[in-house]
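Work through the exercises below with the structure open beside you. Try each task before reading its solution.

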Amino acid sequence: MKSRLRIPGVLTALVLVFLYFPILVLVLNSFNASKYGSSWEGWTLRWYRLLFSGESRDIWESIQRSLHIAIGASLVSMVLGTTAAWVLHRYRTRLQKVHFGLVYLPIVAPDILMGISLGILLITLGVDRSLETITVAHITFCISYVALAVLGRLQDFDESVVDAARDLGATWWQAVWRVVIPLLAPGIVAGGLLAFTLSIDDFVITFFVKGVGLDTLPLKIYSMARHSRQMPVINALSTLMLTFTFVVVWYVQRHARPALRG
Amino acid sequence: MNEFLVFEGVTKRYGDFYAVRDVTFEVRQGEIFALLGPSGCGKTTLLRMLAGFIEPDAGRILVDGKDVTGIPPDKRPVNTVFQSYALFPHLTIRDNIGFGLKMARRGKAEIAAEVDRMLDLVDLVEHADKKPDQISGGQKQRVAIARALVNKPRVLLLDEPLAALDLKLRQRLLVELDEIHDEVGITFLYVTHDQTEAMAISDRIGVMNRGRVAQIGAPAEIYESPVDSFVAAFIGDTNFLEGRVIERLGDEYSLVAIEAMGEIRVYNDREISPGDEIHLSLRPEKLSIQTSAPAATDEARNAIEGTVEDVIYLGALTRYWVRTGERRLAVERQHSRFLLDEKPPTWGDKVWVRWRADDGYLLRDFAPEHAEMLSLPAETE
């Protein structure tokens with residue numbers, strides 16, 4: 001047993017260090033009294049205090065914006081993604097193959113491509129860029145994730161239960177509401193949560209479709225890091241975001257993950 | 001007669017393919033009527049048209065004198081027991097059974113009382129609060145039946161309800177289903193491809209083939225007097241003999257020359273005259289086999305000499321394949337005292353196959369491909 005190869009263990013350790021050491025440094029720096037984070041100057045909660053003070057109002061406005069967009073985008077894409085998945089599952093025509101390609105495309109297409117094309121589209125159409133344009137842009141890729149999650153759930157969906165509901169006196173809408181949606185709910189919720197997390201930290205696409213002064217949180221952080229040298233506050237904010245994201249991911253894994261398998 | 005459920009010229013077409021073609025028949029109130037046929041014969045299409053999931057291209061379906069075509073499934077006075085049970089996996093057994101009553105906006109107390117009555121009828125009281133994936137296949141089946149019956153449908157539709165269960169359980173549930181039918185007295189339309197199931201449970205059977213009803217009758221009628229080679233071959237097993245009428249022997253019997261076998265007597269199930277081509281269905285269990293030459297035969301009996309080519313021991317009976325002339329006959333022999341009293345015929349033995357002339361049945365229609373459905377294709381060399 002002693003002669004067991006050490007390489008896999010070493011590799012695992014390296015990968016973990018590579019992935020998590022920067023995050024660890026960030027978290028530690030958010031408590032670092034040094035303004036530039038190049039050396040350790042003792043513990044402080046100053047940056048957190050600064051984050052929650054009136055000086056950081058624009059950060060909170062950007063968080064509000066991001067939440068607004070993420071909630072809107074995930075709710076809308078839960079509806080559209082579910083109906084897309086239902087149609088994709090139900091009808092296997094050539095048209096639906098094209099449809100599937102279209103649904104799948106935003107997942108594989110580079111964000112930069114989607115961002116630029118949406119930006120150009122908005123300019124061409126002369127649409128004023130606003131929170132709504134960002135939300136619509138996010139919906140375009142969120143739909144795909146919801147659709148795939150629901151499609152997974154549909155794999156073992158016995159369609160005769162819909163017939164059974166109709167047979168037992170349910171109208172079409174009642175059958176959808178009382179049977180289809182409850183059975184697909186884990187997939188819909190999982191897709192929705194995925195959409196939420198993707199929307200809230202999207203940078204590239206948002207960058208191309210946002211209006212002036214309408215920074216979402218990731219964009220706000222970027223501009224702060226670039227222009228205002230407020231790194232420690234960003235570190236504090238990032239630590240909080242990290243915690244929040246972990247909570248959401250933990251919830252998805254714990255409650256909705258089985259639906260994503262299939 | 002009480003014509004309760006009527007199919008009138010019902011047709012359903014998919015492109016060039018007729019799933020159901022001009023089907024007309026009646027089901028009586030309170031009977032168990034089985035639609036029996038191989039897969040793809042149109043029986044399930046008929047059932048789904050009655051349930052309202054498919055609309056016929058032509059024809060009408062009447063339930064108790066009322067045309068139901070065009071009415072959506074949730075407004076029809078029928079309920080279905082689905083092949084896959086189609087229970088709602090997210091609801092308890094109790095809520096599954098109560099679903100229909102809830103849709104009908106009945107009071108909570110009334111629903112609870114009705115559901116309890118149903119749970120009692122199908123003997124599932126102690127499983128009421130479980131989910132469908134926590135109970136066995138047989139129990140799921142009973143939930144599906146209760147869920148349909150609680151709505152007091154005019155007709156209960158059963159779509160291959162036992163297909164997913166193993167043989168012993170199937171036989172037991174068949175008896176239970178029959179008891180439930182006695183209790184509720186509702187008309188059952190029972191779709192199956194299993195002839196033993198259909199024979200066991202139904203008052204009458206409609207045998208379907210290629211979108212049409214080939215024959216309707218009581219189980220014994222269908223088995224003993226099949227109209228054509230399809231019905232004869234699909235229900236049970238048989239021998240097909242084809243030949244030409246030589247002469248009439250009085251009113252009851254005719255002498256027939258059977259191809260590659262010899263002359264036999266047949267009962268005139270229908271009007272035949274010398275020179276007619278006939279096709280005879282001869283069930284294996286109607287034939288007897290013996291190793292000694294029979295005494296002189298009368299005009300009502302046939303005896304053909306042959307050689308045992310194969311013996312298949314099946315427990316309750318033995319099946320012999322006997323070569324007579326240039327063809328083979330399937331013979332089945334029940335045995336209550338098999339090895340004790342006599343030495344049974346075995347491979348290569350010279351034997352005589354005997355049967356009463358009226359035990360064969362003259363088919364009205366014959367198609368050679370139906371011979372392929374038999375366990376012993378009537379191969380000639």
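**Exercise 1.** Determine how the axes of helix H4 (residues 137–149) of chain B and helix H5 (residues 167–184) of chain B are arranged.

*Solution.* The structure is a predicted model.
Step 1: the axes of H4(B) and H5(B) come within 11 Å and cross at roughly 20°.
Step 2: angles under 35 degrees count as roughly parallel. H4(B) and H5(B) are therefore roughly parallel to each other.
Step 3: the crossing of H4(B) and H5(B) is right-handed.

**Exercise 2.** Which residues of H4(B) and H5(B) meet?

*Solution.* Step 1: on the H4(B) side, list Gly138(B), Gln141(B), Ile145(B) and Leu149(B).
Step 2: on the H5(B) side, list Leu169(B), Leu173(B), Ile180(B) and Val184(B).
Step 3: sort the residues of this contact by class, which gives 6 nonpolar, 2 polar and no charged.

**Exercise 3.** Describe the side of chain B that touches chain A.

*Solution.* Step 1: 18 residues of chain B are in contact with 15 residues of chain A.
Step 2: on the side of chain B, the elements that give two or more residues are strand S6 (78–81) and helix H2 (93–103).
Step 3: H2(B) supplies the largest share of that side, 3 residues.
Step 4: by class, the side of chain B has 10 nonpolar, 6 polar and 2 charged residues.

**Exercise 4.** Is helix H7 (residues 160–167) of chain A mostly covered or mostly uncovered?

*Solution.* Step 1: 6 of the 8 residues of H7(A) are buried, and the helix is mostly covered.
Step 2: the buried residues are Val161(A), Asp163(A), Ala164(A), Ala165(A), Arg166(A) and Asp167(A).
Step 3: these buried residues pack against helix H8 (172–200) of chain A, and also against helix H1 (43–51) and S6 of chain B.
Step 4: after H7(A) comes Gly169(A), with a positive phi near 105°.

**Exercise 5.** Describe how domain 1 and domain 2 of chain B are placed and joined by contacts.

*Solution.* Step 1: the domain assignment gives domain 1 (3–229) and domain 2 (230–373) in chain B.
Step 2: the centres of these domains, taken over C-alpha atoms, are separated by 38 Å.
Step 3: the contact takes 14 residues from domain 1 of chain B and 17 residues from domain 2 of chain B.
Step 4: on the domain 1 side, strand S9 (204–209), strand S10 (212–217) and helix H7 (219–224) of chain B each give two or more residues. The largest share, 3 residues, comes from H7(B).
Step 5: by class, the domain 1 side has 7 nonpolar, 5 polar and 2 charged residues.

Definitions and conventions
Residues are numbered from 1 along each chain as its sequence is written. Chains are lettered from A and ligands numbered from 1 in the order in which they are written. This is a predicted model: local features need pLDDT of at least 70, side-chain atom pairs count only at pLDDT 80 or more; totals for chains, interfaces and linings use all residues. Axes are lines fitted to C-alpha atoms, for helices over the stretch in contact, and angles run from 0 to 180 degrees between N-to-C directions. Helices (H or I, at least four residues) and strands (E, at least two) are DSSP runs, numbered from the N terminus. Angles under 35 degrees count as roughly parallel, over 145 as roughly antiparallel, 65 to 115 as roughly perpendicular and the rest as oblique. A crossing is left-handed if the near helix is turned anticlockwise from the far one by less than a right angle, and right-handed if clockwise. Two residues are in contact if their C-beta atoms, placed from the backbone, lie within 7 Å. Ala, Val, Leu, Ile, Met, Phe, Trp, Tyr, Cys and Pro count as nonpolar, Asp, Glu, Lys and Arg as charged, and the others, Gly among them, as polar. A residue is buried if 20 or more other C-beta atoms lie within 10 Å of its own, exposed if 12 or fewer, and partly exposed in between; C-beta atoms are placed from the backbone. Domain bounds come from an automatic or database domain assignment.
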